Amino acid sequence: MPSIKLDKTDRKILAILQAEGRLSNQELAERVNLSPSPCLRRIKQLEESGVIRQYVALLDPDKIGLGLLAYVNVRLEKHSEVPGAASRSPRTHFSASVAAWPEVVACYAMTGEMDFLLRVHVEDMEHFSHFMMETLLKHPAVLDVRSSFALQRIKDTTALPLV
C-alpha cells in the first residue's frame, strides 16, 4: 500500500496529536500556525486516508491491576487443517481465537522459528498460568510456546517516528 504524502505541517499535526490527543482544534491550529478551518480540514484528510487510525485513552496497566507483562512466542502445528475448526488453516483458526482473548493486547505474525508473538497483560503469575494452561495451550493449533517476562519498562511509547 503506498504511503500518503505528508508535508511538514501534516507531520507537525501528527506529532502533536500523538503526544496530546485531547487538544482542541483551536489549540492544535495555534501550535502549527494555521487557522482552525485549514487545520480541521487537514485532520479530516488524515483521518479519511487512514493515517490517523483512531483516538484512544492510554491506561497505566499497573494502576488497573495488570502488573505482569509477558511476551509469548507461539509455534503452530503445520497441518493443513485444524480438527473441528471448520476446515480452517491453523493460522486462520489461531488468529480468530486470539481476537477473543482479552489478555492478549497485541499479536503479530512473525518470521523465523515461531509463528506469532503475543503481548500479554495479566494481573499476576497465577493469572498468567491460568491463561496459559486453560486457554493458549488448549488451543488445537498450538504446538509450542516460549514466554518472557518484562522486568522493567525502559521505553513504552505509542508514538511513531515522523521522519
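Tutor: The model is predicted: local features need pLDDT of at least 70, side-chain atom pairs count only at pLDDT 80 or more, and totals for chains, interfaces and linings use all residues. Residues are numbered from 1 along each chain as its sequence is written, and side-chain values use heavy atoms, without hydrogens and water.

Student: Why is Trp101 called buried?

Tutor: Buried means under 20% relative accessible area, exposed over 50%, and partly exposed in between (1.4 Å probe, protein chains only). Trp101 has 12% relative accessibility, so Trp101 counts as buried. Phe131, with a relative accessible area of 1%, is buried as well.

Student: What makes the pair of Trp101 and Phe131 edge-to-face?

Tutor: Rings of Phe, Tyr and Trp (its six-membered ring) pair if their centres lie within 6.5 Å; planes under 30 degrees apart count as stacked, over 60 as edge-to-face and the rest as tilted. Here the centres are 5.9 Å apart and the planes stand at 80°, so the pair is edge-to-face. The two residues are 30 residues apart, with Trp101 in the loop between helix 4 and strand 2 and Phe131 in helix 5. Helices (H or I, at least four residues) and strands (E, at least two) are DSSP runs, numbered from the N terminus.

Student: Which residues do ring pairs link into a cluster?

Tutor: The cluster consists of Phe94, Trp101, Phe116 and Phe131.

Student: Which residues of helix 4 are buried?

Tutor: In helix 4 (residues 90–98), they are Pro90, His93, Phe94, Ser97 and Val98.
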